[in-house]
Every structure is written in C-alpha cells, then in structure tokens.
Amino acid sequence: SAAAIGRDAQAHELLDRVVQQRPDLGDAYVLRGMLQLDAGEFAAFEAGLSPLPSEVQTLPGYWMNRGRAAHLQGDLRGAIRCYWETLRRQPNHDRATYQIGQALAAIGE
C-alpha cells in the first residue's frame, strides 16, 4: 500500500477517494483515521467523525482509533471507555487489551 512505502499523502488521497465513492466500506474510514492519528492530525480525525455512516461505529477499529485519539491527547478515561468498546466488539484485540491496561495503570486502577 502507499502508506506502507512512506507515501502518506498518496495514501490519504486514495482513501479519501474510496470513502467518497464507496461510503459502505467501513474499513476505509478506519484506515484513514489510523493514518490521520499517525500524522498527529487530530483536527482532521475529529472532523472526519461526524459524516461517518452509522455502521462504521460498530467496527472495533473505529473504537480503537477513538481510544488512541483520546489517549494521545491525554484523555485517559475517554481512552479507557473506547478501548473497552473495542474489546466488547473483538474480545481478543491484543492492542486494545494492552492499551486499556496501560491507561488503567496510569490512572491508578
């Protein structure tokens, strides 16, 4: 993929096109969100949440992205809530399990 070989701008452009042409592909929204968070584009990530099809909110990756955004911006309780939603949808999600543990430890729980 374009992102894998360091072509972030190209990857963003391709994902924007996919999302416009195929709004039913929830994984495209999730991948676009991951790239935005990797680039520290929190405003773009947040802006991209409001026009999402409701089905996207059922995906574990959607909640993982939301948790990661909250975590990176210092909202540990918000992150924990989102990681929990990820695990509710995919109980064996290794990254969510690790991140929720880190966030709980950081708040002393």
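Not counting residues up to four places away in sequence, Gly 33 touches Phe 45 and Asn 65. The coordinates belong to a predicted model. The place of Gly 33 is in helix α2, whereas Asn 65 is found in helix α4, which covers residues 60-72.

Both glycine and asparagine count as buried here: Gly 33 has a relative accessible area of 3%, and Asn 65 has a relative accessibility of 5%. These values fall in the buried class because buried means under 20% relative accessible area. The table sets the two residues side by side.

| Residue | Relative accessible area |
|---|---|
| Gly 33 | 3% |
| Asn 65 | 5% |

The contacts of Asn 65, leaving aside its neighbours within four places in sequence, are Val 30, Gly 33, Met 34, Leu 37 and Phe 45.

Helix α2 spans residues 26-38 and has 13 residues. From its first C-alpha to its last it reaches 19 Å, close to the 18 Å expected at 1.5 Å a residue. The buried residues of α2 are Gly 26, Ala 28, Tyr 29, Val 30, Arg 32, Gly 33, Leu 35, Gln 36 and Leu 37. What covers these buried residues includes α1 (8-21), α3 (42-47) and α4. Just after α2, Gly 40 takes a positive phi of about 70 degrees.

Turning to the whole chain, there are six helices and zero strands, and the pattern read along the sequence is α-α-α-α-α-α. The radius of gyration is 14 Å, close to the 13 Å that the globule rule gives for 109 residues, so the chain is as compact as a globular protein of that length. Along the principal axes, the C-alpha atoms fill a box of roughly 45 × 25 × 25 Å.

Of the 109 residues, 39% count as buried. Among contacts with a separation of 6 or more, 46% are accounted for by residues 24 or more positions apart. The chain exposes about 6500 Å², of which carbon and sulfur atoms supply 52%. Its side chains include 11 positive and 13 negative ones, and the centres of the two sets lie 2 Å apart.

Definitions and conventions. Residues numbered from 1 in each chain as written. Predicted model: local features only at pLDDT ≥ 70, side-chain atom pairs only at ≥ 80, totals over all residues. Heavy atoms only, no water. Helix = DSSP H or I, 4+ residues; strand = E, 2+ residues; numbered from the N terminus. Rg over C-alpha atoms; globule rule 2.2 N^0.38 Å. Buried < 20%, exposed > 50% of the residue type's maximum accessible area, 1.4 Å probe, protein only. Contact = heavy atoms within 4.5 Å. Areas by Shrake-Rupley, 256 points an atom, 1.4 Å probe, with all protein chains shown as cover. Lys, Arg positive; Asp, Glu negative; His and termini not counted. Charge placed at Lys NZ, Arg CZ, Asp CG, Glu CD. Expected span 1.5 Å × (residues − 1).
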